[in-house]
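Me: I'd like to go through this model with you, a few residues at a time. Can we start in one of the helices?

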Amino acid sequence: MTREEFEACMQRHAAKIEEIRQLAHQLHASVNQKYDNDLPYGFHLDMVVQGIRDFGHLVCACEDDVIPMFFGGYFHDSIEDARLTYNDVMHTARLHMTEEQALMATEIVYALTNDKGRNRGERAGERYYAGIRQTPYAPFIKLCDRLANVSYSCRPKPGQDPFYNSRMKKVYKSEMGHFLESIDPHSTDMRFRVPKETVLRLSECLIDDLEREEKG
């Protein structure tokens with residue numbers, strides 16, 4: 001799909017996308033979930049979906065997949081963090097899509113839900129990444145999720161030193177190679193693509209941050 005075609009699809013479905021956005025924001029607000037301690041969690045969800053807006057044309061196979069992609073982006077943490085079950089997500093998806101679309105959207109959310117574990121490694125182990133690699137659009141949306149977190153952690157924050165080095169920033173740098181290999185099924189099916197353009201944006205965030213640290 002070309003960028004122009006994808007943008008036209010987003011425009012045609014703008015009202016539905018906004019409905020899904022509002023539901024996701026309200027859901028995370030209802031469990032008082034925050035991002036970086038004091039931001040509404042919807043801030044993070046919007047950053048993830050911005051990645052879909054910027055790069056979705058590189059992976060989207062057809063117009064019918066646009067709404068499931070956006071739903072997956074907005075609801076990707078709903079099971080893990082907002083106490084929904086798989087069936088809850090499916091019920092919500094069915095209110096906004098066809099049965100086939102709802103199944104695709106729910107499978108994306110399920111694939112992006114961390115496993116139970118005592119630490120980061122256990123929660124995002126091989127079984128977790130295998131599920132991502134086997135689910136259409138899950139590798140791409142996971143990449144958008146990582147891009148959102150990296151972009152946030154690498155930018156100056158009000159009231160802090162402009163070259164503030166957070167713990168997660170170091171984690172993301174150390175995980176870069178393993179992360180990219182873990183989410184990439186190396187498939188010829190465009191729905192499973194890990195676009196090099198998105199990876200480049202992610203790399204640029206980390207490289208720019210490293211250069212700022214060296215200058216600082």
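This is a predicted model: local features need pLDDT of at least 70, side-chain atom pairs count only at pLDDT 80 or more; totals for chains, interfaces and linings use all residues.

Me: Which helix is Gln101 found in, and is Gln101 buried or exposed?

Reply: Gln101 is found in helix α7, and because its relative accessible area is 15%, under the 20% cut-off, Gln101 counts as buried.

Me: What lies 3.0 Å from a polar atom of its side chain, I mean that of Gln101?

Reply: That is the backbone nitrogen of Thr98, which lies 3.0 Å from a polar atom of the Gln101 side chain.

Me: Now another glutamine, Gln33: where does Gln33 lie?

Reply: Gln33 lies in the loop between α2 (14-30) and β1 (34-35), and at 16% relative accessibility this residue counts as buried.

Me: Which residues does Gln33 touch, not counting those up to four places away in sequence?

Reply: On that count Gln33 touches His28, Pro40, Tyr41 and Asp81. With His28 there is a polar contact from side chain to side chain at 2.5 Å, and the side chains of Gln33 and Asp81 are joined by a polar contact of 3.1 Å. Gln33 and Ala82 are 49 residues apart in sequence, yet their C-alpha atoms are 7.8 Å apart in space.

Me: Switching to α1, which of its residues are buried?

Reply: In α1, which covers residues 3-12, Phe6, Cys9 and Met10 are buried. Seen down the helix axis, the buried residues of α1 fall within an arc of 100°, so they line one face of the helix.

Me: Why would residues three or four places apart point the same way?

Reply: An α-helix has 3.6 residues a turn, so residues at that spacing point the same way.

Me: What do the buried residues of α1 pack against, and which exposed residues sit on the face turned away?

Reply: The buried residues of α1 pack against α2, α3 (41-55) and α4 (66-75), whereas the face turned away from the buried side carries the exposed residues Glu4, Gln11 and Arg12.

Me: Last topic, pockets: what volume does the second largest pocket have, and which residues line it?

Reply: The second largest pocket has a volume of about 210 Å³, and its lining is made up of Glu107, Tyr110, Ala111, Thr113, Asp115, Arg127, Tyr128, Gly131, Gln134 and Thr135. The elements giving two or more residues to that lining are α7 (99-111) and α9 (126-133).

Me: And how does that lining divide by class?

Reply: By class, the lining of the second largest pocket has three nonpolar, four polar and three charged residues.

Conventions:
Residues are numbered from 1 along each chain as its sequence is written. Side-chain values use heavy atoms; hydrogens and water are left out. On a 1 Å grid over the protein atoms alone, a cavity is a set of points where a 1.4 Å probe fits but cannot get out, and a pocket is an open set with protein on both sides within 12 Å along at least five of seven lines; lining residues have an atom within 4 Å of a point. Grid points are joined across faces, edges and corners, and a volume is the space filled by probe spheres set on the points. Helices (H or I, at least four residues) and strands (E, at least two) are DSSP runs, numbered from the N terminus. Ala, Val, Leu, Ile, Met, Phe, Trp, Tyr, Cys and Pro count as nonpolar, Asp, Glu, Lys and Arg as charged, and the others, Gly among them, as polar. Buried means under 20% relative accessible area, exposed over 50%, partly exposed in between (1.4 Å probe, protein chains only). Contact means heavy atoms within 4.5 Å. A polar contact is a pair of N or O atoms within 3.5 Å; within protein, one must be able to donate a hydrogen and the other to accept it, and residues adjacent in sequence count only if both atoms are side-chain atoms. The arc is that of the directions from the helix axis to the C-beta atoms.
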